[in-house]
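Dear colleague,

I am passing on the structure we talked about, and my notes on it follow below. Please read them with the structure open beside you.

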Amino acid sequence: MTPMDVDPNVLTPRMARILEARDMTAQERFFHLQLPGALAHRPGQFVMASIPGIGEAPISISCGPRHDGQLELLVRNAGSLTRAMHRLQAGDFMGIRGPFGSGFRLAEFEGRDIIFVAGGLGLAPLRSLIEPVLAEPRRFGRITLISGCRTPADEIYRERMQAWAGLPQARVVRLVNDTAHLPWDGEVGLVTAPIAELEIDVDNTLAVLCGPPVMYKFVIMELAARGLPNTQIFIDLERRMRCGIGKCGHCQINHVTCCREGPVFRFSELESLPEALT
Amino acid sequence: MRGFLATRTAVLDWLRTLALQEDVFFPQPMGENSFSFDKVRKHSTLAFEDFDAAPAEKPFRASACVQPPGKKLSPNDEQIFRFSKDENGQYQLTPTLDARKRTLAGVRPCDLKAIHLMDRVNRDGIPDAHYLSRRQNTTIIAHDCLQPCDEHCFCEATGSLRWRQGADIFLTPQPEAKLSIEALTERGERLLDAAGFPPCDDIEKHRALAEEKRAKPFGRHFDAPLQQVIDTVGSSWASPVWDKHAERCFACGTCNLVCPTCYCFDLKDDFSIDDPHSGQRTRSWDGCLLEEFAVVAGGHNFRPQLAARQRHRIKRKLAWLPARFGDGSFCVGCGRCGHQCTVHIDIFDIANDLLAATEAEP
């Protein structure tokens with residue numbers, strides 16, 4: 001076999017120092033990290049985040065591209081590793097490998113109206129695209145964000161969304177399924193409802209979706225009803241990546257690996273992947 | 001290409017000598033009818049089958065070791081890195097790359113093709129340093145098959161019976177208890193130069209002799225040519241055939257465990273028992289037939305049905321990975337999954353049933 005140059009650290013993380021750690025909701029903790037070198041990620045990519053001795057899990061990158069080795073993650077407490085991460089404080093370290101995955105290419109969105117639909121924690125990865133798009137209003141068209149979660153207590157990035165709502169090029173619709181008797185300044189309902197009332201220029205609009213699997217079917221039906229073709233809908237999928245380099249098999253959807261060809265797909269690409277959204 | 005002709009005994013003695021310098025692995029009897037691909041030790045029982053061996057002759061049908069030789073290149077629970085944490089909370093992480101010299105000897109063509117496919121997988125995209133470090137330090141001595149190893153074999157049908165690529169040295173059974181020996185790489189040439197076997201000028205003639213002796217047809221054959229099998233498996237999605245074979249499956253993952261081209265894995269962390277500030281991450285084999293394989297955080301399972309997981313495995317072997325790598329079937333026809341399965345679920349039968357089901361469609 002012909003020898004080849006390989007990175008010996010392919011499965012070994014770099015340790016990032018935690019600059020800031022705070023609870024955003026009862027379930028989600030926000031981390032601002034400093035890596036020893038640049039991460040050079042695209043929006044929609046993910047990292048493998050770990051605590052040595054405890055484990056490693058795929059976490060979406062939640063900030064836009066930057067070149068100073070800093071990154072932001074929003075971690076839901078969903079298992080033994082993420083529970084341990086919720087105990088980490090500023091000054092502690094977290095292991096990071098990556099970035100991995102296809103991600104979004106900003107150039108594809110140039111000049112287009114964009115509809116973002118986020119369900120729950122789905123807003124965390126979408127923020128990595130929303131922020132660079134909003135940062136250059138002249139480069140993109142009208143921006144709409146529809147973000148839904150269960151109750152006001154589950155809402156993430158509230159202040160961010162309120163700030164985005166104040167920008168002239170952006171419209172933000174924040175929803176909850178149920179106010180749960182808590183104060184709430186948004187709307188009540190499902191993320192599908194506002195789509196019916198949107199002004200959509202079908203030829204020049206792209207939709208970007210991220211949320212739980214159950215959300216996609218209904219949002220896509222609603223967008224299709226408004227005439228948006230499948231080629232103009234992007235979906236950011238969740239799978240249980242273990243390696244990030246297309247080898248471990250866990251994130252395979254039919255013939256594609258979510259960590260390499262995905263996790264961002266055009267919906268038209270998913271039509272040949274029956275296991276993608278179920 | 002340099003060739004040699006030596007007795008089987010001389011070659012085995014040479015392997016024993018080699019085993020004094022580095023780890024040499026060779027098929028060895030395990031129980032009555034099984035073989036294990038194990039390290040050659042002082043008192044190991046080593047043998048090659050006879051040129052004139054009858055198809056059913058025991059005990060030496062050593063080709064189908066329960067575990068394929070390629071698994072030595074990505075062992076279960078291999079260490080990926082070690083770590084330690086100092087009093088300031090700073091970590092020190094060191095990747096573990098195994099660069100020890102080793103030899104896999106008596107590797108059959110099906111398993112050789114499987115190793116070639118694993119080379120492709122591990123070099124693809126972002127390469128896997130841990131596998132490649134081991135692979136680059138491994139010598140492969142392959143051995144041709146003149147008879148199918150058992151009734152499960154279908155290597156000719158999957159295009160791996162005549163596979164030679166990836167071997168450093170290739171052995172072919174010859175009459176009078178001999179083996180013809182060919183160097184296929186520079187590494188192989190260096191080894192054979194030092195071995196001192198009697199040279200052979202007409203190696204082609206000896207290969208032809210073996211080809212003539214080879215069983216025809218060799219092992220089981222699909223009911224259609226391989227490309228048609230690949231096309232049929234590729235286009236079958238909602239077929240009742242998947243349910244038929246899944247009905248008796250226990251989802252135990254044995255098929256994954258013994259398959260020479262199953263490479264899915266999981267990563268696990270441990271703290272050291274002696275020192276809670278240090279530990280390791282290891283990689284262990286995983287299997288797509290196991291229920292929790294496609295579960296994500298929060299508990300959603302993307303392949304909860306057994307039939308869907310079985311379909312996933314079969315389509316990886318006979319459709320998806322062949323399409324991705326363009327190197328033919330990822331099922332190499334070794335027959336292990338069907339042989340080891342408690343309820344005799346055999347990828348060969350599934351493929352044939354899919355062919356029949358497709359034929360029956362209007």
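Does B:Glu176 count as buried or exposed, and how many C-beta neighbours does it have inside 10 Å? Before the answer, please keep in mind that this is a predicted model. With 10 C-beta neighbours inside 10 Å, B:Glu176 counts as exposed, because the limit for that class is 12 or fewer. This residue belongs to the loop between strand E8 (169–174) and strand E9 (178–183) of chain B, and its phi is near 60°, a positive value in a residue other than glycine.

A:Ala180 is exposed, with 12 other C-beta atoms within 10 Å. Among the residues in contact with A:Ala180 is A:Thr151, which, leaving aside its neighbours within four places in sequence, also touches A:Val176, A:Asp178, A:Thr179 and A:Leu182. A:Thr151 itself sits in the loop between strand E8 (143–149) and helix H4 (158–165) of chain A, and with 15 other C-beta atoms within 10 Å it is partly exposed.

Two cis peptide bonds deserve a look as well. In chain A, the bond from A:Gly98 to A:Pro99 is cis, with omega near 5°, and A:Pro99 is part of strand E6 of that chain. In chain B, B:Lys216 and B:Pro217 are joined by a cis peptide bond with omega of about -10°, and B:Pro217 falls in the loop between helix H5 (203–213) and H6 of chain B.

Where they meet, 20 residues of domain 1 of chain A are in contact with 18 residues of domain 2 of chain A. On the domain 1 side, strand E3 (46–51), strand E4 (55–60), strand E5 (70–76) and strand E6 (93–100) of chain A each supply at least two residues, and the largest share, three residues, comes from E6(A). By class, that side of domain 1 has 11 nonpolar, six polar and three charged residues.

Turning to chain B as a whole, its secondary structure comes to 11 helices and 11 strands. Its radius of gyration is 22 Å, close to the 21 Å that the globule rule gives for 362 residues, so chain B is as compact as a globular protein of that length. The C-alpha trace of chain B spans about 70 × 65 × 40 Å along its principal axes, and 46% of its 362 residues count as buried. Of the contacts in chain B with a separation of 6 or more, 74% are between residues 24 or more positions apart.

Within chain B, helix H3 (residues 129–136) is mostly covered, since six of its eight residues are buried. Those buried residues are B:Ala129, B:His130, B:Tyr131, B:Leu132, B:Arg134 and B:Arg135, and they pack against strand E4 (78–85), helix H2 (109–123) and strand E7 (138–143) of chain B.

Helix H6 (residues 226–235) of chain B packs with helix H11 (residues 347–360) of chain B at an angle of about 75°, their axes 9 Å apart, and the two helices are therefore roughly perpendicular to each other. B:Val229, B:Thr232 and B:Val233 of H6(B) make this contact with B:Ala351, B:Leu354, B:Leu355 and B:Thr358 of H11(B), a set that divides into five nonpolar, two polar and no charged residues. H6(B) also packs with helix H9 (residues 306–325) of chain B, where the axes come within 9 Å and cross at roughly 105°, so that this pair too is roughly perpendicular. Here B:Val229, B:Ile230, B:Val233 and B:Gly234 in H6(B) meet B:Ile314, B:Lys315, B:Leu318, B:Ala319 and B:Pro322 in H9(B).

Finally, the contact between the chains takes 37 residues from chain A and 43 residues from chain B. The chain A side divides into 17 nonpolar, 10 polar and 10 charged residues.

With best wishes

Notes
Residues numbered from 1 in each chain as written. Chains lettered and ligands numbered in written order. Predicted model: local features only at pLDDT ≥ 70, side-chain atom pairs only at ≥ 80, totals over all residues. Axes fitted to C-alpha atoms, helices over the stretch in contact; angles between N-to-C directions. Helix = DSSP H or I, 4+ residues; strand = E, 2+ residues; numbered from the N terminus. Parallel < 35°, antiparallel > 145°, perpendicular 65-115°, else oblique. Contact = placed C-beta atoms within 7 Å. Nonpolar A, V, L, I, M, F, W, Y, C, P; charged D, E, K, R; others polar. Buried ≥ 20, exposed ≤ 12 C-beta atoms within 10 Å, placed from the backbone. Rg over C-alpha atoms; globule rule 2.2 N^0.38 Å.
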